[in-house]
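Welcome! Please take a look at the structure shown here, and then we can walk through a few of its features together.

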Amino acid sequence: MTLPGWIYIGIFVHVIIALVFISSLLYYHYKSNTVAVQIATKIDKYLKEFGYDAAPFLPEWYNKLSTIVKLDYPPNTVCVVVLSNADMFDKTLPCYISEHDPELKKGTDCVDLCTKHYMTKAVEELFPGEDVDIIYDWELQTNSRLPKINMSTAGHAAGQAFYNRPEEISTPTWEQTKKMFGCSISPKYSGWFGYRAVLVFKNHQDDTIQYLPPHDAVETQEQKTKLMECINGDWKDPAWRDIVYTDKRYSVEQLDYFNTLPADRIPKVKVLMDTYNEGDESKKEL
């Protein structure tokens with residue numbers, strides 16, 4: 001029996017659609033499973049329980065966004081930026097101090113020490129023998145007071161959080177001569193996070209990963225203006241951190257710690273450790 005011609009046409013069209021759909025899935029899988037994505041995913045999974053998030057980017061993307069501080073690596077070198085969320089301070093930091101510095105004798109910022117410990121541990125355990133540069137958020141260039149990397153730009157390049165800048169405001173409410181700073185807002189954490197480190201995998205390149213711009217959660221000019229006013233006013237006021245809703249906010253103790261000058265933070269840490277040790281004793285009694 002001969003089928004009508006329109007049926008053959010219909011079958012042919014459906015086959016073409018199916019092939020295009022399968023091809024697009026394979027293409028997406030290929031593009032989303034690149035060297036950079038694989039490395040960043042391993043790091044992210046490893047650090048997740050300690051309150052850190054990781055995402056990949058390339059120096060090429062970063063250098064197009066950064067006007068002053070550049071990354072001096074081949075453009076397709078695999079880089080991973082790491083941020084800390086609320087869990088790092090509330091859950092990981094007390095454990096780290098209890099194990100590595102219970103007497104608080106090391107003197108420097110314990111958050112930096114904690115971050116350095118886990119970044120080094122991740123690289124050593126996941127990528128033994130690899131040539132990896134770790135750049136921390138507190139590091140400055142040797143011959144200037146500039147940072148080694150602009151963490152907000154790195155996070156923007158990696159798609160973790162949108163870097164809002166005062167230049168984006170069409171009608172500023174402040175004097176043009178006033179020095180204004182930008183800030184990063186995450187669709188997941190709003191302003192309740194901090195960039196901690198960038199890992200540069202010097203022997204790994206990625207020519208297939210595609211740049212995806214971060215989601216701009218601060219959608220209107222009115223919101224952006226308010227954000228700029230808040231962050232450049234009293235930055236200790238957490239109002240700017242709540243510009244986007246999130247249920248992952250800093251505890252009162254954590255906010256108090258970060259609002260305190262580094263030289264005055266040891267008493268805050270002692271209070272944190274007293275609470276942690278009391279909880280530990282309660283568990284032993286149970």
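## A pocket and a sheet

In this predicted model, the largest pocket has a volume of about 2000 Å³. Its lining is made up of 49 residues, and those closest to the pocket centre are Asn-150, Ser-152, Tyr-163, Phe-181 and Gly-182. Helix H5 (110-126), helix H6 (151-157), strand E5 (183-185) and strand E6 (194-205) are the elements that each give two or more residues to this lining. H6 supplies the largest share, with 4 residues. Sorted by class, the lining of the largest pocket holds 25 nonpolar, 12 polar and 12 charged residues.

Now let us turn to the sheet. Four strands, in the order E1-E2-E6-E3, form an open sheet with antiparallel pairing. Strand E1 (52-57) and strand E3 (132-136) are at the edges with a single partner strand each, so one side of each has no neighbour in the sheet. From one strand to the next, the twist averages 20°.

Further in, strand E2 (residues 77-84) pairs with E6 in the antiparallel sense over 8 bridges. Here Cys-79 stands opposite Val-200 in E6.

Two helices pack on the sheet, as the table shows.

| Helix | Strands touched | Angle between directions |
|---|---|---|
| H2 (residues 35-48) | E1, E2 and E6 | about 175° with E1 |
| H5 | E1, E2, E3 and E6 | about 165° with E3 |

Which elements link the two parts of this tour? H5 packs on the sheet, and H5 and E6 are among the elements that give two or more residues to the lining of the largest pocket. E6 also belongs to the sheet itself.

Key. Residues numbered from 1 in each chain as written. Predicted model: local features only at pLDDT ≥ 70, side-chain atom pairs only at ≥ 80, totals over all residues. Heavy atoms only, no water. 1 Å grid on protein atoms, 1.4 Å probe; cavity = no way out; pocket = protein on both sides within 12 Å on 5 of 7 lines; lining within 4 Å. Points joined across faces, edges and corners; volume = space filled by probe spheres on them. Nonpolar A, V, L, I, M, F, W, Y, C, P; charged D, E, K, R; others polar. Pairing = 2+ DSSP bridges. Axes fitted to C-alpha atoms, helices over the stretch in contact; angles between N-to-C directions. Contact = heavy atoms within 4.5 Å.
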